[in-house]
Each structure stands twice: as C-alpha cells, then as structure tokens.
Number of protein chains: 2
Amino acid sequence: MEDPAPRSGSSSFVWLVGASQVVGLASVVLTGVWMGHYRGGFAWDGSAQEFNLHPLCMVLGLVFLQGDAILVYRIFRNEPKRNVKMLHGIIHLLALILSIIGFVAVFDFHRAAKIPNMYSLHSWCGMATLILFCVQWVMGLMFFLFPVASSWLRAAYLPVHVFCGLVLLVMAIGSCLLGITEKLLFSIMPTYSAFVSEGVLANTLGILLICFGVLLSFLITREEYRRPPNPEEEALSVHFKTLTEGGSPSSP
Amino acid sequence: MEDPAPRSGSSSFVWLVGASQVVGLASVVLTGVWMGHYRGGFAWDGSAQEFNLHPLCMVLGLVFLQGDAILVYRIFRNEPKRNVKMLHGIIHLLALILSIIGFVAVFDFHRAAKIPNMYSLHSWCGMATLILFCVQWVMGLMFFLFPVASSWLRAAYLPVHVFCGLVLLVMAIGSCLLGITEKLLFSIMPTYSAFVSEGVLANTLGILLICFGVLLSFLITREEYRRPPNPEEEALSVHFKTLTEGGSPSSP
C-alpha cells in the first residue's frame, strides 16, 4: 500500500515534534543534573540518594515516555496501525515499570528515614495519577489488544481512552511540579528566595515540563496531525490474534 | 428562529455541568474557609490577612470564572452567538479584574513584609499564566469583537484561541496547586505530616480543582456538546458594530 500524500501542516509538525523531544529530553537531563550534582547522586540503600531516583524515574517514565507513547500515533500516522498500537503499548509498559521503580524508591526512603507517607498534595496527586495510569493501561490492553470488548464497545471507549490519556499526562506533569516545589522547600527554603542556582535550575525544569505538556497537547489535538482515515484498516480487527499472528480477523 | 432539536448526550451534559459547578463552587468555599478560618481572615493593610485575598481571588477569578467563561459556549450552545460571545468576554473581564486584585494583594504583602518576589516556581507559573491570560483576552477582543482582523484571519485564529484558553485554565489550576503546596509548607510544615485538618482541607481543595479542570476539559472537548453549526449565523459578521447595534454586517 502506498503512503498517502503529505497533508498540510507537515512542516510545522516536524518542527513541533522536534521541539517537544528537545524540551522533553532537556527535562530528563535537568532532573538528572539536579539530583546528581546538587543532591548527591543515586543509590539503592534507603538513603536520600535512593530518593533521588524518584524524580528521575517519574520525569523519564510518567512524563517523557508517557508523552512519547501518545505521540507515536501522530509521528507514525502513515504506518500500519497494528505496529503503532504495539509500540504505544510497549512504551507505556516501560513508562509503567519506571514509574513503579520511582514509587518504590520514595516509599523505601520514607520507611528508612521514618517519614510518614501520603500526607502531601504531591503524594495524593502522584498516587492518583499512578493508579489511574495503571487502570488506563489495563483498560487499553483489554479493549484494544485482547478480544474482550465488542467493536461497538471499542469504538465507544476510544475517545474516552484518548481523553484520559491526555488528562493523565497533564496530571503527571502537575504532580512533578508539586514535587519540585516540595523538594525545593524541604531542601533549600532559607536560600531559595536568593535565586540560588539549584532553585533556578529546578524552576526551569518546571517550566520545561509545562512546555512539553503544551507541545504534546497541541500535537495530539490538532485535526491536521491526526491519522488519516483508512477504510481498509478500519475493517481489520484489532483482536490480539491479528496483532500477534498477523492473520485474518475472526470478526469485523 | 426555533431551537434545534435536542442532541444526544444532553442528559449527561446537564449532570456534568451541574457537577462542574458544584465542584467549582466548593473550591471557592474551601479557599474561603482555609483563609478565613485557619489563616486569620481578610484585610487590605499589607498584613498576612491581605495575602489571604490572593488565593481567594485566584481560585474565584482565574479558575472558576475563567472556566465558566469558556463553558458558556457549551451551556448556551443554542442561544444567539453574539450574546454568548459578549457573556464570554464579560466573565473573562471579571476574571481578569479579580486576578489583578489577587496579584496586587500578594505583591503588597511581600513589600510590607520585605519578602522577595518572583523566586518560586509558583510565582513563575502564576505570572506566566496571568500575562498570557491578558494577551489572550486582548487578542480575543481584537479578533472577535473589534473589526481588526479579516474573517479569514479570524477563522484561522479561532482554534488557536480555543486551545490556548484550555491551556490557560489548566495552567491556572496548576499554579493554584503549587500555591497550595507552598502555603502549606510555609505555614504548617512541622504538623503537615500528622494529617492536621488544615493540611487535609487544603489537599482536598487541590483535588477539587483538578476535578473541576477535568470536568471542564471533558465538557469543552466533547464533539457532541459543541455548538451545532448554523449557516445563517456563520454568514453574520462578528464585527463590533453588529454586536453593539444589532445591525447588519457591512462585510461578510
């Protein structure tokens, strides 16, 4: 099958995707620099260095990878849908694994340092985001990879899945911003107002995360960047059998 | 002109709008209770009581009113567009006035208490939100109320205006969550982890603000809740003359 003709907005699309990746990777690097240079590096021993894995895993997993898992539907909008769907699920799985490591790191650190859990707004938002992210992943798996739902139910669920995906990305970014503020006030409250470099670096990280969210939201919601309709593809089942074996669907 | 026939999803629409208003008003009330009961009430004398006006004005203006200003396009989707447009602009103006009062309150308090300005992530996000909100309001006024732009330019700008409006609402909510975290850590850091009532109340306020944002985003982005196309209306100018005098447009 030949590729469809390029559509309008392709030039801006390339630049916007490029910008989103630069901003996303810069966020991950800044988190690494903050935790690695200013907060003493990384370890897995219940110390503050174990805590430092928490921000890195959340920014890399729950923000950057979650964002890119959504973006593959736009970047590869002219590729076969089942491949893109598999890629979407795999990147989300990586994001989920990293997020769980990040969550274990902070709970482990709290346990060792005898710090109470789940009292702050950051922890409430972060936990809600992770739980809903798991629910969304399992629902996506059941509806779009395994033959659980009818095609009518799948079609009805799709816009909800897309909406919830974007909400979860925004919630993840919001939770990161709360985490940045919490960490700064716990660590450098007396000097934060003097514009010390750690504070400025962490604030800049927050602004980059917002830019990443805005760029992703724009790319995902613009009509002209959507996957072009493909009647041949629509007729194919999204059943697991088709996806794994590449065979014919047993039902439309 | 007769009203168009009710469309599908009307029942859920009413419930969702109702829920958004309950959640939005509950957020405003909780902010009032937090500042009024736990933080000593309100004043305009450079004291901490003047600061207390800041959260109340921002939640009421930049979140609740900004959200409702957007929502009028869905609630009154069968009413004449020019009336809805005026209402949209007027509620936004109220939101802008309240936001400016809220900003003056915090800068006034900082000046009196000799606290530096603009060093925190909350202040960076909040200031960016207010500046962009002003830009968006002026652009909306120029493009859609005054005859500055051609109808081609207006049509091209409309989706950007809609996207930026939703981004600004989310940024306002994010800035509020950062403000909640900052205020709690400045005021009750030693007892926050013991789940004191002030901390739980403020966290609940944060969750309600997120719920408000999610409900508004859903209501605004769902295709079935959009304003039905009206060719008669489309042909009418959106020029200021038409809006104020109700006369015929001078150009299409």
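Polar contacts between chain B and chain A number 6 residue pairs, both residues at pLDDT 80 or more. A polar contact is a pair of N or O atoms within 3.5 Å; within protein, one must be able to donate a hydrogen and the other to accept it, and residues adjacent in sequence count only if both atoms are side-chain atoms.

The model is predicted: local features need pLDDT of at least 70, side-chain atom pairs count only at pLDDT 80 or more, and totals for chains, interfaces and linings use all residues. Residues are numbered from 1 along each chain as its sequence is written, chains are lettered from A in the order in which they are written, and side-chain values use heavy atoms, with hydrogens and water left out.

The contact draws 35 residues from chain B and 35 residues from chain A, where contact means heavy atoms within 4.5 Å. Chain B and chain A bury about 3,100 Å² between them. Buried area is the accessible area (1.4 Å probe) that two parts lose on being put together, summed over both. Carbon and sulfur atoms carry 83% of that area. In chain B, B:Tyr119, B:Leu121 and B:Phe163 lose the most area to chain A, together 20% of what that side buries. The elements giving two or more residues to this side of chain B are α5 (121-145), α6 (151-192) and α7 (197-221). α6(B) gives the most, with 14 residues.

Chain B can be laid on chain A with an RMSD of 0.0 Å by a turn of 180° and a shift of 0.0 Å along the axis. Superposition is by least squares on the C-alpha atoms of residues with pLDDT of at least 70 in both copies. The two copies are thus related as by a two-fold rotation axis. The same surface serves both: 100% of the contact residues of chain B recur in chain A.

Chain A has 9 helices and 0 strands. Helices (H or I, at least four residues) and strands (E, at least two) are DSSP runs, numbered from the N terminus. Of its 252 residues, 49% are buried. Buried means under 20% relative accessible area, exposed over 50%, partly exposed in between (1.4 Å probe, protein chains only).

Over all chains, the structure holds 8 salt bridges. B:Arg111 pairs with B:Asp108, the closest N and O atoms being 2.4 Å apart. These residues lie 3 residues apart in helix α4 (residues 81-113) of chain B, so about one helical turn separates B:Arg111 and B:Asp108. B:Arg111 is exposed at 59%, whereas B:Asp108 is buried at 18%.

Notes:
A salt bridge is a side-chain nitrogen of Lys or Arg within 4 Å of a carboxyl oxygen of Asp or Glu.
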